Amino acid sequence: MPFGEVVCGAPGSGKSTYCYGKHQLFTAFQRPISIVNLDPANDNIAYPCAIDITSLITLQEAMDTHGLGPNGGMLYCMEYLEANLDWLEAGLNELGPDAYVLFDIPGQVELGTVHESLKRIIQRLSKIGFRLAAVNLCDAHYVTDAAKYVSILLLSLRTMLQLELPHINVLSKIDILSQYGDLDFNLDFYTEVQDLSYLENALNTSSPRFTALNLALISVIEDYSLVGFETLAVEDKNSMLHLSRVIDRATGYIFVPPKDAPVPEGTIDSSATSASARPNLYSLFTTAAGPTAGNIRDVQERWVEAKEEYDAFERKEWRREGELLRDQAARQREKQDEGEMKAGGIRERK
């Protein structure tokens, strides 16, 4: 049973950077991962791409052939992919039953909010066995403006209702949030989407003409009570690990046993099947796991309140770690030289 993430979000929210960072992280941990580029306008891909939609159709081809603009051409490309899903399925089958796939989606928000092609593509992938979760990236600096914060809440809610998947909303680029000014509230107010009526004063200050409209939208968001946010600093390992754990819970990947997990007694030997289909005790123990590690107040202290102090401490630790590794390598060379001298005498100096 393959697993995957549908990585969506507005242009510039960091989707491709997230995919590249996750590929590096999973490769270091020897977890399987493949990335599928479904953006026909992305001709500068930084990550290794297993399947690329540009080999099927490009945005420029759609625009030139049908006289469309960028947005219309993007919608046409998604409809063309939907009509040629056999091409995508054939490429996914080559990745194997234990694949973990990131689908890098174009940034046009209408694809995930009102247009039906992406939704039908996801439904087709679910029917062929994929366990998917939507990872919706939103630029973290929007929380510094009350009206913009309401807009990303509404956009995230609409995306959740449209895609109909286990959904994780993420405030990306949290590491540069401090560059955009002070927050009106603590960070947990924005991530947990607490009582939004407290935004009224800020809305009156920033956009008094549209206060009534914003409050009406807030009422709709609170009526659904679905939206919440995780945070992400893609260059920080702890942040990436925390988000990966949250996504694994959403997809059910936490129930997949490791390769060396023992098989319960009395079960039929199924070593030839994929890991997700094997009987195991690992899933039973995983269900007893508590809440994911990490505290939003720690995130606020690290990236908002004391970012410079933490950065200086990390640089100091990196230097110390580098010195330890350098000393360790020097000692190993000395031992190797001593061993060679004992075995064959003193080496000639050049």
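Mentor: Axes here are lines fitted to C-alpha atoms, for helices over the stretch in contact, with angles from 0 to 180 degrees between N-to-C directions. Helices (H or I, at least four residues) and strands (E, at least two) are DSSP runs numbered from the N terminus. The model is predicted, so local features need pLDDT of at least 70 and side-chain atom pairs pLDDT 80 or more, while totals for chains, interfaces and linings use all residues. Residues are numbered from 1 along each chain as its sequence is written, and side-chain values use heavy atoms, without hydrogens and water.

Take helix 4 (residues 85–93) and helix 6 (residues 117–127): their axes come within 12 Å and cross at roughly 40°. Helix 4 and helix 6 are therefore oblique to each other (angles under 35 degrees are roughly parallel, over 145 roughly antiparallel, 65 to 115 roughly perpendicular, the rest oblique). On the helix 4 side, L85, D86, L88, E89 and L92 make the contact, and on the helix 6 side I121, R124 and L125 (contact means heavy atoms within 4.5 Å).

L88 also touches V36, I51 and L81, besides L125, leaving out residues up to four places away in sequence. The largest nonpolar core has 31 residues, and L88, L92 and L125 are among those with the most contacts inside it. Such a core is a set of buried Ala, Val, Leu, Ile, Met, Phe, Trp, Tyr and Cys residues joined through side-chain atoms within 4.5 Å, buried being under 20% relative accessible area with a 1.4 Å probe, protein chains only.

Helix 3 (70–83) also supplies at least two residues of this core. The axes of helix 3 and helix 6 come within 9 Å and cross at roughly 30°, and these two helices are therefore roughly parallel.

Conventions: Buried means under 20% relative accessible area, exposed over 50%, partly exposed in between (1.4 Å probe, protein chains only).
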